[in-house]
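User: I would like to learn how to read cavities, pockets, sheets and helix packing in a model. Please take them one at a time.

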Amino acid sequence: MDGRCEMQGAEWRNRHFYFFKRVNILNSKLKNNNLMKKEKLKKRNTKLDKPEKQYRDLFENMLDGLVLHKLILDKDGNPVDYVLEKANAAAEKILSVKRKDIEDKKATEVYGGDTPFIERYAKVALTGKAKYFIDYYPRHKKWYEIMSFSPEKGYFANIFRDITERKEREEKLNRFSQLLRSTLKINQTIIMERNVHKLIKTVCDILARNSDCYGAWFAILNENGEVTETVESGLGKDFTKMSEMLKKGKFTESIANALKQSNPVINEKPVSTCKDHPLIKNYEKHNARTVTTRLKYGERIYGVLSVTVTQEFVQDKEALSLFQGVAKDVAFSLSNIELEQNKKQGEIALRKIEDLESSTLEAIPHAVLNLQNHRIIFANKGATEVFGWKPEELIGKTTRILYRSDKDYKKFGNNFYSVLKKNQTHKTEFPYKRKDGKDIVCRVSAARIGGKLKNKKIVVVYTDITALKNREKVQSALYKISESGYSTKNLKELCKKIHKEIANLMPADNFYIALYDKDSKMFDFAYWADEREKKPAPIKVQNGITEYIFNTRKPFIANPKLIKKLKNSGTIKIRGIMPVSWIGIPLKNADEIIGVLAISSYTKDVIYAEEDKNILSFVSEQITTAIKQKKMEEEQKTLFKAEREQRLYAETLAKIQLSLASKITLEEVLNEILSQMKMFVPSTTANIVMLEGNNIRILKWVKKIEPLKIKTANNVYPINKFKTNIHILKTKKPLIIYDTKKSPLWIKTDINKNTRSYLGVPIILKDTVQGIVQFASTKPGNFSTEDIKKLEPLTNAATIAIEKASLLEETQIELKQRRKAEEKLIWSYKELQKTLMDMVNASIKIVESRDPYTAIHEKRVARLVSAIAKEMGLTKDEADSIKIVALLHDIGKITIPAEILTKPSKVTKTEFEIIKMHPQVGYEILKDIAFPIPVAKIILQHHERMDGSGYPNGLKGNEIMLEARILAVADVVEAMSSHRPYRPALGIDKALEEIEKNKGILYDSKVVNACMRLFKEKEFKFE
């Protein structure tokens, strides 16, 4: 193991030379006394063998990838490359590489000559300032979220996670949102614009401005299927030939197919399949795809819409669904415009027939009535079509027969004649009732007969515009629902808006939306409004009426008789109160169904008709789109929040683990543990208790005070006083009590009388519960299993830190006691000799018990050190003094885990940093012992190097003591020539080659020359 230190470590410092006084050989009695002391010290130090494995487990079990890098600088100090020194298991999985293929390799080797983001990482490694990045790595074709920090100058570590899926969702959501905004603008245009050319031109412009769309065009057809008008946006002069071709009746294969089918025609390779197409240059320029669909409403095809788009657009089902919805909305608007134009022509015709014979009136498809004093004196056949009454049934009756109520009759009839007294004609719209009881809306056009209103004789034309009004209401509802999908804050608010718009179209006091969850395979009632029943809990998919709609994927209108029939046949099962009338529609677009929407009535006053079902079916696709948009937004917000919390948790945990590792005293460790755990798990109070025989002592406790105040308590009580303690000691597992009032494990006392929930986490050392971290809250249900998961890695780190601090404190106490004993005997030279040799032999025994390789190494180094000193002309006493130092030079390794000392493979960067601490630890152990020479300082300097590259203080040349320089050379030669767990012996020739090559650079030239003479001329051997 020393070979690593010597070859990777640094040189030594020089100072004034001190000498040991002659050391006599200890007598047998002294040896017996030393053996007893060694055995006691051995028991103490075996506790220090807690494996570093737990730290490595924390590193290996991180959910996020972690890679440690070493920066490589050129001679001018500029970053040119970096080495990937260490990666954890998560990094291996996230990067889809094997660690052996990247560890200890340069970035230029791993990334094929590239050094990704080297300037950025160099700043982190050289300044120590942590940075947060989101980067795309083309090599992996993935996006990564990276937290980069520097554990020490010249190094940087990256904690990262794969966020490719999230980025794809964001891009999809952005594309969907952009298209949704375009749809909203198009819907606004459809509602407001009544000019066909302006309508389709505006829609084209809106579509072409979308980032996934390179161009769009419309072709409008007359009733004979002939192209009467074309418009484009984003295509320019290339569309001129296309327009001419369309007007000549020449349709491409895609257009012909689109006119025959309801789904859009997608051409993924227009460049190869449409070589003679007028727009081929446009397709080649953008590597585009085309989507073409017909504009159909009812039985009439009004035209064709085609867009030139990206690959991502044609692969996005939601985008295609919205595009198809736009086409339907435009067709619907074209139908309305055509209907309005026809009605205007009819009104013009009506004004011309005022003086025509009644036979001519019979040909008009509108109700024409001749009134005198509110009484009908003439009615044409059109009255039957509009009102359902035959002309003979109306003649002689008052117009009250046409109104819904007396209130409507008085409101409209009285006002009607007063207006005609002033004006020749009068036009308005008003609700009426047909003979069958159905409410309708009519556009009313009335005129006086003759120049003046004599005997209140007038002619009135009634045009049924119910369908038009319904279409306008449906179109308005579509727009508002679409806009709500973008403007509402959450799904609940969106569903409330949808309910409001449906209620404007038809009676819908009782309304619900049930959404299907693929993961749980259950229906969750996202919205529920019912005058007789409360909102139900989520239900499994069984055979209810909601599931019936979901499974059949078809709208369903029901009455009690039909439902009873389905129930008796076993098709459905009724849950709750059966309504009088019910409509359910599937919420779907494309091939995906996300849930069911239903309305119902409990009275005979509201009976739903087929027309209501058709309206709901028509708006269902827009509702589905809006709900999916809102769910995607909420899922994205939830994901962002979870990822942000997880990232903060990982960063905080890493800092806490480093902080705990740096604490030395038990007091510091306990303060840090309680403070940090309290931050992870909010609570009213928290404490740490440790076992002392059959008792438990409260060592630290904290109350909910800002800023945080930690107090010491001396409370000691029997283990069996609280059942919670007994339970945790037996199970060795965390314990949560959600409500103390309901738990048999909770014993109420004056101290905990206000506690309503409790969490206890065991501190386990060597498979035994040594203590408990306890949290209490005045709120029931304050703790959860998630809190335990958060605390688990922190508890592991805390366990190691507590053990380390406890053992170090015990060691310090032992050393202080030994120092006091030595001070009392310092006046006696003989006792000084005994103490000195006692320490030397104790050190050898301690090291030998933990690591035989290191013990043998110290003895062999001592022999070579003595020989080099004599070869350089030092006296026998001086040589013997240096030999004693050599026997003690690795005493600091008692704090290094045995797993690292005997590790059969190369140590990690973290493990090597732990090894480098042993000179400082040796110094701390021996600094207060009154040796005749500065033993502690020599040991502190034995890894320093002549050029200042050593450790721990980077001393140079003569700043390093001569004893330390001699010890350095002997240490390297022995380490390289001997066998080690992680490698076979390199041989004495390799060792001598190393010191000769670095003579005057790393090692003292005089010391190297003396060592070379020993081996080359005097045939020195270790054995």
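User: How many cavities of 30 Å³ or more does a search of the whole structure find?

Analyst: On a 1 Å grid over the protein atoms alone, a cavity is a set of points where a 1.4 Å probe fits but cannot get out; lining residues have an atom within 4 Å of a point. Grid points are joined across faces, edges and corners, and a volume is the space filled by probe spheres set on the points. Here the search returns 9 cavities of 30 Å³ or more. This is a predicted model, in which local features need pLDDT of at least 70 and side-chain atom pairs count only at pLDDT 80 or more, while totals for chains, interfaces and linings use all residues. Residues are numbered from 1 along each chain as its sequence is written, and side-chain values use heavy atoms, with hydrogens and water left out.

User: Which residues lie nearest the centre of the largest cavity?

Analyst: They are L95, Y111, Y137, N158 and F160, out of 14 lining residues. The volume of the largest cavity is about 170 Å³. Strand β6 supplies the largest share of its lining, 3 residues. Strands (E, at least two residues) and helices (H or I, at least four) are DSSP runs, numbered from the N terminus. By class, the lining of the largest cavity has 11 nonpolar, 3 polar and no charged residues. Nonpolar means Ala, Val, Leu, Ile, Met, Phe, Trp, Tyr, Cys and Pro; charged means Asp, Glu, Lys and Arg; the others, Gly among them, are polar.

User: Which element gives the most to the lining of the second largest pocket?

Analyst: A pocket is an open set of points with protein on both sides within 12 Å along at least five of seven lines. In the second largest pocket, α14 gives the most, with 10 residues. This pocket holds about 1000 Å³ of space. Its lining numbers 36 residues, with N263, Q324, G325, K328 and E621 nearest the centre.

User: In what order do the strands of the open sheet of 6 run?

Analyst: Two strands pair if DSSP finds at least two bridges between them. The order is β19-β18-β17-β22-β21-β20, with antiparallel pairing. β19 and β20 each have a single partner strand, so one side of each lacks a neighbour in the sheet. β21 and β22 pair over 9 bridges.

User: At roughly what angle do the axes of α19 and α20 cross?

Analyst: Two packed helices are described by the angle and the distance between their axes. Axes are lines fitted to C-alpha atoms, for helices over the stretch in contact, and angles run from 0 to 180 degrees between N-to-C directions. The axes of α19 and α20 cross at roughly 175° and come within 10 Å. Therefore α19 is roughly antiparallel to α20 (a term for angles over 145 degrees).

Technical notes:
Parallel < 35°, antiparallel > 145°, perpendicular 65-115°, else oblique.
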